[in-house]
Amino acid sequence: MFNELNFDRIDLTAEPPAEEPARQYYFMAKCREWVSDFQKKNERLPKACVVNMGCQMNARDSEKLAGILEQVGYTEETDEQKADFVIYNTCTVRENANQKVYGHLGQLSRTKKKNPDMKIALCGCMMQEPEVVEKLKKSYRFVDLIFGTHNIYKFAELLYVCLQSPGRMVIDIWKDTDKIVEDLPSERKYSFKSGVNIMFGCNNFCSYCIVPYVRGRERSRDPRAIIREIERLVADGVVEVMLLGQNVNSYGKTFDSPMSFARLLQEIEKIEGLERIRFMTSHPKDLSDELIEVMGSSKKICPHLHLPMQSGSTRILEKMNRRYTKEHYLDLVEKIRRAVPGISLTTDIIVGFPGETEEDFQETLDVVRKVRFDSAFTFIYSKRTGTPAAAMPDQVPEDVVKDRFDRLLKEVQEIASEVCAVHQGTVQAVLVESVNDHDPQLMTGRLGNNLLVHFPGDESLIGKIVKVRLDECRGFYYLGEAVDMDCK
Ligand code: SF4
């Protein structure tokens, strides 16, 4: 296995291997030589800061970048200003996300003037936009390395080229790829839980979304590679995995012999020592009866489904190119609740999509009232250049959208706090995640349904599943008391 490869055995006088991942391990070994020289010269190891600016997919990619930097010999630095190597893993889902990146670069340019050896790298979704790269080439010449979402597996190689090319801007952007490289190192934020990519890209082209243009077409990972990764994670202490993909419900459709997501879940369920399985995101149009049935019979799949609705109006859903109706969505909710009683349902809702009328908005409120979501992420529609929706007529005036958004938020929050209160007094299994941010006497964990719970305890509980009585509902979370410290 390459993760366990001894770097000293790589012949660095030879040409780099052509095949992956051996090629990347070769360049990691090259980078290690550079780090060793740096250490001799500066009497310290170089420091790297990975800044994640996006979604869970980006967060997982950032862990992979951090894993490679660690293998190479960099130490972790959380302050961009103090790092020798800073990499921004960018997001481009909203236009203001791009502005944030330029703001960070503006600040770092001053630091780099004082410390010309500092290296600045940019990767992620925003780099897949040609006009962004043009702007960087013209106005941000001090950036050292730019690459996109499709060749992130080549990071070690690109890092080496960058370290060997002072003063040069190294750019490598691919339009698309069908390549998936396995067995590269990766870091983990938590010792007991981990995200696991099961697929990349998206084929759906929702009319407001830039993802298919920047992350390419759907590619599913080989199930054997997924199982192998999870088995290794479990052997390393992980008890909960979050399977990640833009639309996990269409997993395996592009294989020569297609394999459904439900089948994959059944295989993952067999892994001994794994306690909890989560996944996101699910597209309603691809949520199959088979998957609902598997969720209903599973002992490990958490009773939580994030099912982005986006709008309750069939007319708007059509304009969004979501390919389901209000009725279909409600039907799915009924089926899943029948199969998994008490399941927590969460969603995403966009308010103010072009052409949305008050009647359309009332349809959204109607679904919110009928489904009674455990929580909902509500967004004001934001025009994203490069998407079909950005060119649509009838953009809704700002004050109208704001008013609808406030009404929706109020409704969503009232319902969520009522739904949360139903657990009062029950005893539930909690996976302990961390010491509470505000009170070091409290531990913070999550129920299978994703609800947050705080209770008195100590650090030794982190990563364990304990039974907690839910004493006091605080709207969106609980205060409780542990009643059983080991309930695996
Ligand atoms: S399913 Fe739609 S919203 Fe989700 S990533 Fe794909 S195109 Fe974007």
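By class, the shell around the ligand holds 7 nonpolar, 3 polar and 1 charged residues. Here Ala, Val, Leu, Ile, Met, Phe, Trp, Tyr, Cys and Pro count as nonpolar, Asp, Glu, Lys and Arg as charged, and the others, Gly among them, as polar. The shell consists of Cys202, Asn204, Phe205, Cys206, Tyr208, Cys209, Val211, Pro212, Gln246, His283 and Arg322; a residue is near a molecule if one of its heavy atoms lies within 4 Å of it.

The model is predicted: local features need pLDDT of at least 70, side-chain atom pairs count only at pLDDT 80 or more, and totals for chains, interfaces and linings use all residues. Residues are numbered from 1 along each chain as its sequence is written, and side-chain values use heavy atoms, with hydrogens and water left out.

Helices (H or I, at least four residues) and strands (E, at least two) are DSSP runs, numbered from the N terminus. Helix H1 (residues 22-42) has 21 residues and reaches 30 Å from its first C-alpha to its last, close to the 30 Å expected at 1.5 Å a residue; the expected span is 1.5 Å times one less than the number of residues. Among the buried residues of H1 are Tyr25, Tyr26, Phe27, Met28 and Phe38. Buried means under 20% relative accessible area, exposed over 50%, and partly exposed in between (1.4 Å probe, protein chains only). The buried residues of H1 pack against helix H2 (56-72) and helix H5 (155-163), where contact means heavy atoms within 4.5 Å. After H1 comes Glu43, with a positive phi near 55°.

Helix H3 (residues 95-114) has a kink of about 25° centred on Leu108. The bend at a residue is the angle between axes fitted to the seven residues ending there and the seven starting there. Leu108 is itself one of the buried residues of H3, which also include Val101, Tyr102, His104 and Leu105. The buried residues of H3 pack against strand E3 (85-90), strand E4 (119-124) and helix H4 (130-139).

Strand E3 is largely enclosed by the rest of the structure, because 6 of its 6 residues are buried. Phe85, Ile87 and Asn89 lie on one side, while Val86, Tyr88 and Thr90 lie on the other. In a regular strand the side chains alternate between the two faces of the sheet.

The table lists strand pairings; two strands pair if DSSP finds at least two bridges between them.

| Strands | Sense | Bridges |
|---|---|---|
| E1 (residues 47-52) and E3 | parallel | 5 bridges |
| E3 and E4 | parallel | 6 bridges |
| E15 (residues 427-435) and E18 (residues 465-473) | antiparallel | 5 bridges |
| E18 and E19 (residues 477-484) | antiparallel | 6 bridges |

Ala48 has Phe85 in E3 as its bridge partner, and Thr90 has Gly124 in E4. Val427 is partnered by Arg469 in E18, whereas Glu472 stands opposite Leu479 in E19. The hairpin of E18 and E19 has 3 residues between the strands, and Gly475 there takes a positive phi near 90°.

Two further residues may be described individually. Lys326, in helix H11 (residues 326-339), is buried, with a relative accessible area of 8%. Leaving aside neighbours within four places in sequence, Lys326 is in contact with Gly312, Thr314, Leu317, Glu363, Asp366 and Val367. Ser375, in strand E14 (residues 375-380), is partly exposed, with a relative accessible area of 28%.
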